[in-house]
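Q: Could you walk me through how the ligand is held here? I'd like to start with the contacts and then look at what surrounds them.

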Amino acid sequence: MQEFKNFINGQFVTTERGQTFENRNPVDNSLIGLVHEAGRAEVDAAVQAARAAMQGPWGKMTQQQRIALLDKVANRINERFDEFLEAECKDTGKPYKIASHIDIPRGAANFKAFSETLANHPTEAFKLDTPDGASALNYGHRTPKGVIAVISPWNLPLLLMTWKVGPALACGNTVVVKPSEETPATATLLGDVMNECGVPEGVYNVVHGFGPDSAGAFLTEHKGVDAITFTGETRTGETIMRAASVGLRNISLECGGKNPGIVFADCDMDKAIEGTLRSAFVNCGQVCLGTERVYVERPIFEAFVQRLKAGAEKLKMGRPQDADVDFGPLVSQEHKEKVLSYYRLAVEEGAQVITGGGVPDMGADLEAGAWVEPTIWTGLADDARVIREEIFGPCCHIRPFDTEEEVIALANDTDYGLSAAVWTENSSRASRVAEQLEVGICWVNSWFLRDLRTAFGGAKQSGIGREGGVHGLEFYTELKNICIKL
Ligand code: NAD
């Protein structure tokens, strides 16, 4: 049985109270191991270690030295690729096929991508005229913000955590990470990699536990934390924002979505079907950017529904190790219950179930796992809860539309504003529609195509702030103006 310890000041530690919780594999509900739940004492030790590290060798390193160290971290993750892959797939149940292409390589790349961008980004400079004629020189100078709390979710555990840790460290901060209670493994393994690469103690710390009255709350409420970056549900984001208001600490929030896919009759149907299948079902629908509301122009509505149904029914579910598997279970029993409650609600709200809607027969071995069927509905009213609330499962609703104005209004009729996908071969229409959608990222004829140099974040209740590329500088550094009277 594995043990997942906290990683504090370069050491793997259990907890003062000896408190543990179970980590189970969602494929068959088998026990992976026990996780040591950090209490206030461990969270405090982690924050103190992170603060002390700012004054130690880390704080004295040049930017180039830090970048070289982070490069080593990226390379070491790739050298230990198989261990990261196994750990991530055990925790989440996702297919190796997906995690080996997305989660682990992108998790490693996050330690390289931002370093270069941040190092090469200039600050501003202004010469100011003064009455004596001698003038003054102003220039911007960036310093690290300090100790950053990183609160991350379970759907892409390593990738979404390093998406924050990479730029935080590249900017010279130190971090205390609170991974999701569902997926403690890769954050813990990364502690070992940090030690192997010679990252000074206290720079990267991990505390395990839950949200309220546990490590998550203890960390975000800790006065020694200078800023909090969070990815997760919008309601949790609100709680974290309240915690951050004490001491006026900065936040970056990447929250939920209820993303539209808009399919015009002039689309390339093959591309639209392939893209929508991925955006609705990949990672068992547990992608914040995924499409749960699909709007299809009426002339191609029936054909689209039939082709998406055929595609969904071909998806193969199974064990992560099987090479031809497209689809794993949901992350946990609790999440399975939540998704199934929406499957029942859809029927109560009058949906026509085009495919799925229940639990697949996975055989006796996998019966206890968190499996649900990929599901497609039509016929729901625009105010149905299934249309308005984020489900975060392998499901979507398809509705016909008649005009561009109508579909823009429908797409924007949501509290969320994370992403959208537009399918059309008319590029004027594509940009006209994209510009009117109230989202942080809009794909045209693609989905989840990410250039790490670009801004990432949500509009409306999908988040606050932008990370990615140089945009992370706003959050991970303090910009000071230095004014020199000449
Ligand atoms: P969650 O909000 O339940 O948990 C996220 C993290 O917050 C976990 O580590 C959890 O332990 C912690 N947490 C919970 N309550 C807390 C509290 N009171 N104080 C401090 N920490 C607390 O989210 P989840 O279920 O892990 O993830 C799924 C959600 O994440 C979905 O809503 C999804 O859309 C969103 N998400 C958003 C993005 C994005 O980039 N916008 C990316 C991935 C996931």
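**Around the ligand**

A: Keeping in mind that this is a predicted model, a backbone N or O atom of Glu233 lies 2.9 Å from an oxygen atom of the ligand.

Q: Which ligand atom is 2.8 Å from a polar backbone atom of Cys255?

A: That one is a nitrogen atom of the ligand, which is 2.8 Å from the polar backbone atom of Cys255.

Q: And what about the side chain of Lys178?

A: An N or O atom in the side chain of Lys178 is 2.6 Å from an oxygen atom of the ligand. With the ligand in place, the protein covers 93% of the 850 Å² of accessible area that the ligand has on its own.

Q: Which pocket does the ligand sit in?

A: The ligand sits in the largest pocket.

Q: OK, which residues come nearest to the ligand?

A: There are 31 residues around the ligand, and those that come nearest are Lys178, Glu181, Thr236, Cys255 and Glu390.

Q: Switching to secondary structure, which element gives the most to the shell?

A: Helix H10 does, with three residues, while H10 (234-245), helix H9 (215-220) and strand S11 (227-231) each supply at least two residues of the shell.

Q: And which domains does the shell draw on?

A: At least three residues of the shell come from each of domain 1 (2-255 + 462-485) and domain 2 (259-451).

Technical notes
Residues numbered from 1 in each chain as written. Predicted model: local features only at pLDDT ≥ 70, side-chain atom pairs only at ≥ 80, totals over all residues. Heavy atoms only, no water. Near = heavy atom within 4 Å. Polar contact = N/O pair within 3.5 Å; in protein donor to acceptor, adjacent residues only side chain to side chain. Areas by Shrake-Rupley, 256 points an atom, 1.4 Å probe, with all protein chains shown as cover. 1 Å grid on protein atoms, 1.4 Å probe; cavity = no way out; pocket = protein on both sides within 12 Å on 5 of 7 lines; lining within 4 Å. Sits in = over half its atoms within 2 Å of the grid points. Helix = DSSP H or I, 4+ residues; strand = E, 2+ residues; numbered from the N terminus. Domains from an automatic or database assignment.
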